[in-house]
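Take a look at the model first, and then we can walk through it together.

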Amino acid sequence: MSSQSQTASLWGYRPASAPLTQQQTSQVENERANPERTFLAERRSLLGFGGFYPSVLRSLFVSSDEIKNKFRFTDFDKQNAMLSRSLELAAGATSGDPESLREISARAETHDRYHLNVEPRLYDIWLETIIETARDYDANWSEVVEASRRSILGHVVQHMVRKY
Ligand code: HEM
């Protein structure tokens, strides 16, 4: 067994090709009908796994020296807090919370070319790393969950990029 599939089975990962039970099929139908609720529930389920954020950060820094460099003055606790807060904000914005929307705009400014200078292409790496790590960590992973995650994080990224 490859180490990737070992990690996957450890977290209850179900390969996309495995047939769905009837209960799973109706869960998928519900999720299709309500991607926002799916994102909120799945974010909570990811937070149950303590290693998720450190794992995302590790992959981010391995994928990009530029991203690693941006965080050179930020300690580990703050890096984790930043990641956790960014997913919280995505969830908040999804449920229409005006405070979250305001804070995302404020973060877009601190991340723009005049401040942290997070270039648009770095956000793509950020998004893909979260999606890929979640695939390994999320016991409830499904294609539908992944699609809703990608769409919701994609909106946040688009907002940050527009204000770059
Ligand atoms: C590759 C993409 C990104 C990079 C390189 C990056 C980089 C950083 C850095 C260097 C900090 C500063 C930490 C400090 O003050 O020491 C930070 C803070 C933060 N970032 Fe990002 N960021 C990225 C994407 C995002 C995204 C998509 C969001 C979503 C809203 C976000 C939300 C935040 C928040 C909430 C903080 C904490 C601000 C605070 O309270 O001090 N970041 N980020």
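From the N terminus on, the protein chain reads α-α-α-α-α-α-α-α-α, which comes to nine helices and zero strands. Helices (H or I, at least four residues) and strands (E, at least two) are DSSP runs, numbered from the N terminus. This is a predicted model, in which local features need pLDDT of at least 70 and side-chain atom pairs count only at pLDDT 80 or more, while totals for chains, interfaces and linings use all residues. Residues are numbered from 1 along each chain as its sequence is written.

**Confidence**
- The mean pLDDT (the predictor's confidence in each residue, from 0 to 100) of the protein chain is 79, and 70% of its residues reach 70 or more.
- Confidence is highest in α5, at a mean of 96, and lowest in helix α1 (residues 3-10), at 29.
- Over residues 1-18, pLDDT stays under 50.
- Where pLDDT is low, the predicted coordinates should not be read in detail.

**Packing**
- Of the 164 residues in the protein chain, 22% are buried, meaning that 20 or more other C-beta atoms, placed from the backbone, lie within 10 Å of a residue's own.

Technical notes
Contact = placed C-beta atoms within 7 Å. Buried ≥ 20, exposed ≤ 12 C-beta atoms within 10 Å, placed from the backbone.
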